[in-house]
Amino acid sequence: MKRKDILGIKDLSKSEITEILQTANGFRSVIDGKERRTHLSGKNVATLFYENSTRTRNSFDIAAKTLGASTTGITASTSSVQKGESLIDTGKTLDSLGIDAIVIRHPVGGAPRLLADNVKASVINAGDGMNEHPSQALLDALTAQRHFGDLSGLKLVIVGDIKHSRVARSDALVFTRLGASVTVCGPYTLIPDGIESFGVTVDTDLENAVAGANIIMPLRLQTERMNQAYIPSVEEFHMYYGVGLKHLAMAADDAVVMHPAPINRGAEISGDVADCDRSLIQEQVKNGVAVRMAMLYLLLQGGAK
């Protein structure tokens with residue numbers, strides 16, 4: 001991969017996406033065998049998170065260490081950001097400390113690109129505002145590929161808070177690029193204007209949307225990004241848009257459930273669906289480490305600096 005940064009799915013060609021997924025698939029055996037590699041021995045990776053995270057931050061950390069890199073974790077609440085340091089100055093400090101890759105999560109869309117334009121280190125977007133979350137979309141695609149094989153002709157239905165979801169945007173881009181069809185479903189108040197430009201179909205009727213679906217992906221309500229009432233109540237949202245076993249029965253015979261997590265049982269998904277044998281949620285977590293290993297490996301071994 002001849003690039004310095006991975007900032008969004010929209011920047012990646014289909015061949016680059018395929019290269020990441022193929023590399024990640026190869027790394028799954030390393031994870032399953034709890035092995036260690038030395039591919040990135042001597043490299044330094046910093047995770048710079050301005051928002052909370054469990055899965056993404058820890059999986060990047062595990063991915064880097066599994067490949068032999070050293071890691072440094074930085075949170076805004078305990079860094080010089082609290083003293084007024086700018087994002088660019090933080091990045092330049094990390095450059096001076098010899099950091100080779102910065103994994104950043106930021107509440108403002110475009111922040112990773114700003115950082116990448118001002119540092120020598122490779123920058124990986126771990127989620128920026130309501131813009132993109134490329135590593136999540138790639139691990140979702142890998143999970144679907146490992147389960148179904150070729151994604152061409154599959155139907156993915158993303159349900160819930162589409163408006164505030166960077167995952168929905170990145171998933172729409174990667175799945176359509178790999179030949180799947182994507183439908184987004186939710187109340188009109190949670191469907192963003194212009195989402196059709198991502199190549200998706202919009203539906204506000206869940207039962208209609210899931211008909212023939214191969215993958216159903218509910219999304220949590222991102223109340224931390226809501227500054228007004230978008231739904232009457234969580235209970236009413238669950239009544240109309242909470243994914244239950246009956247929706248799996250309406251989907252294709254081989255349908256599975258995925259979720260970017262964290263899940264909220266009784267809101268966007270019922271507990272019996274989250275825990276059923278057609279749920280790939282925990283498989284997504286494993287694939288998240290493999291995808292992030294691939295991203296780090298391809299950037300730091302072959303990326304353009």
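Mentor: One term before we start: contact means heavy atoms within 4.5 Å. This is a predicted model, where local features need pLDDT of at least 70, side-chain atom pairs count only at pLDDT 80 or more, and totals for chains, interfaces and linings use all residues. Residues are numbered from 1 along each chain as its sequence is written, and side-chain values use heavy atoms, with hydrogens and water left out.

Trainee: Which residues does glutamine 136 touch, leaving out residues up to four places away in sequence?
Mentor: Glutamine 136 sits in helix H5, residues 134-148 (helices are DSSP runs of H or I, at least four residues, and strands are runs of E, at least two, numbered from the N terminus). Its relative accessible area is 5%, so it is buried (buried means under 20%, exposed over 50%, partly exposed in between, with a 1.4 Å probe and protein chains only). Its contacts are Val167, Asp171, Pro260, Gln284 and Arg292.

Trainee: How far apart are the end C-alpha atoms of helix H2?
Mentor: The expected span is 1.5 Å times one less than the number of residues. H2 has twelve residues, so it should span 16 Å, and the model agrees: the ends are 16 Å apart.

Trainee: How many residues apart in sequence are the parts that glutamate 51 and arginine 166 tie together?
Mentor: These two form a salt bridge, with the closest N and O atoms 3.1 Å apart (a salt bridge is a side-chain nitrogen of Lys or Arg within 4 Å of a carboxyl oxygen of Asp or Glu). Glutamate 51 lies in the loop between strand S1 and H2, while arginine 166 is in helix H6, so the parts they tie together are separated in sequence by 115 residues.

Trainee: Is aspartate 275 buried or exposed?
Mentor: Aspartate 275 forms a salt bridge with arginine 265, the closest N and O atoms being 2.8 Å apart. Arginine 265 has 48% relative accessibility, so it counts as partly exposed. Aspartate 275 is at 55%, so it counts as exposed.
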